Amino acid sequence: MTKFQTPTKPQAPSSARLKSAALAAALLLAPAAVVLGALPAAAAPAPEQMLARSSAKLQWLDKVTARTSTFTIAVGETRTMGSLRITLRACKENPPIEPPESAAFLEVVEMKPGEQAEPVFSGWMFASSPALSAMEHAIYDVWVLSCGNA
């Protein structure tokens with residue numbers, strides 16, 4: 001003799017399962033909501049909340065010779081490295097209670113012999129994300145290490 005089982009009626013999900021599914025969906029969608037502007041981002045402080053510093057520590061690389069150099073430059077100063085003229089316009093960093101971040105506004109001009117000076121880069125560079133706003137050059141790289149008062 002074989003026993004037949006009667007089909008059971010599907011049960012509604014429990015409220016605990018619904019809550020955990022809703023939480024999982026919210027966690028998965030939260031980054032997208034921040035990017036799309038639906039939620040406020042908990043990002044770095046606005047530039048006016050950052051502390052102004054008088055100098056920046058930069059690193060420079062000559063890709064041909066593999067020579068690197070670390071140097072400090074004051075706000076308003078222009079430094080020549082290879083055929084580049086690097087001018088620091090501003091350097092700011094987060095307050096000590098915030099995650100560390102340094103940002104420098106640099107203007108970089110290339111001086112080729114017998115030619116007009118050619119702008120290579122003008123903008124903010126960030127120490128924690130050098131690729132975010134990088135200088136595009138075939139021979140040289142320049143990036144921010146930190147800001148200071150020197």
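Is Trp 124 buried, exposed or partly exposed? Trp 124 is partly exposed, with a relative accessible area of 32%; buried means under 20%, exposed over 50%, and partly exposed in between, using a 1.4 Å probe and protein chains only.

Before you go on, note that this is a predicted model, in which local features need pLDDT of at least 70, side-chain atom pairs count only at pLDDT 80 or more, and totals for chains, interfaces and linings use all residues. Residues are numbered from 1 along each chain as its sequence is written, and side-chain values use heavy atoms, leaving out hydrogens and water.

**Exercise 1.** Work out the strand order of the open sheet of three strands, and find its edge strands.

*Solution.* 
- Strands here are DSSP runs of E with at least two residues, numbered from the N terminus, and two strands pair if DSSP finds at least two bridges between them.
- The order is β3-β2-β8, and the pairing is antiparallel.
- At the edges are β3 (67–74) and β8 (140–148), each pairing on one side only.
- Look next at β2 (residues 55–62): eight bridges join this strand to β3.

**Exercise 2.** Find the two aromatic pairs and classify each one.

*Solution.* 
- Rings of Phe, Tyr and Trp (its six-membered ring) pair if their centres lie within 6.5 Å; planes under 30 degrees apart count as stacked, over 60 as edge-to-face, and the rest as tilted.
- Take Trp 60 and Tyr 140: their ring centres are 5.7 Å apart and their planes meet at 25°, so this pair is stacked.
- Trp 60 sits in β2 and Tyr 140 in β8, so the pair ties together parts 80 residues apart in sequence.
- Trp 60 is buried at a relative accessible area of 3%, and Tyr 140 is buried at 8%.
- Now take Phe 105 and Trp 124: with centres 5.5 Å apart and planes at 75°, the pair is edge-to-face.
- Phe 105 belongs to β6 (residues 102–110) and Trp 124 to β7 (residues 118–126), 19 residues apart.
- Phe 105 is partly exposed, at 22%.

**Exercise 3.** Describe the surroundings of Met 125.

*Solution.* 
- Met 125 lies in strand β7 and is buried, with a relative accessible area of 3%.
- Contact means heavy atoms within 4.5 Å. Not counting residues up to four places away in sequence, Met 125 touches residues including Ser 102, Leu 106, Met 135 and Val 144.
- Val 144 is 19 residues from Met 125 in sequence, while their C-alpha atoms are 6.4 Å apart in space.

Technical notes:
Helix = DSSP H or I, 4+ residues; strand = E, 2+ residues; numbered from the N terminus.
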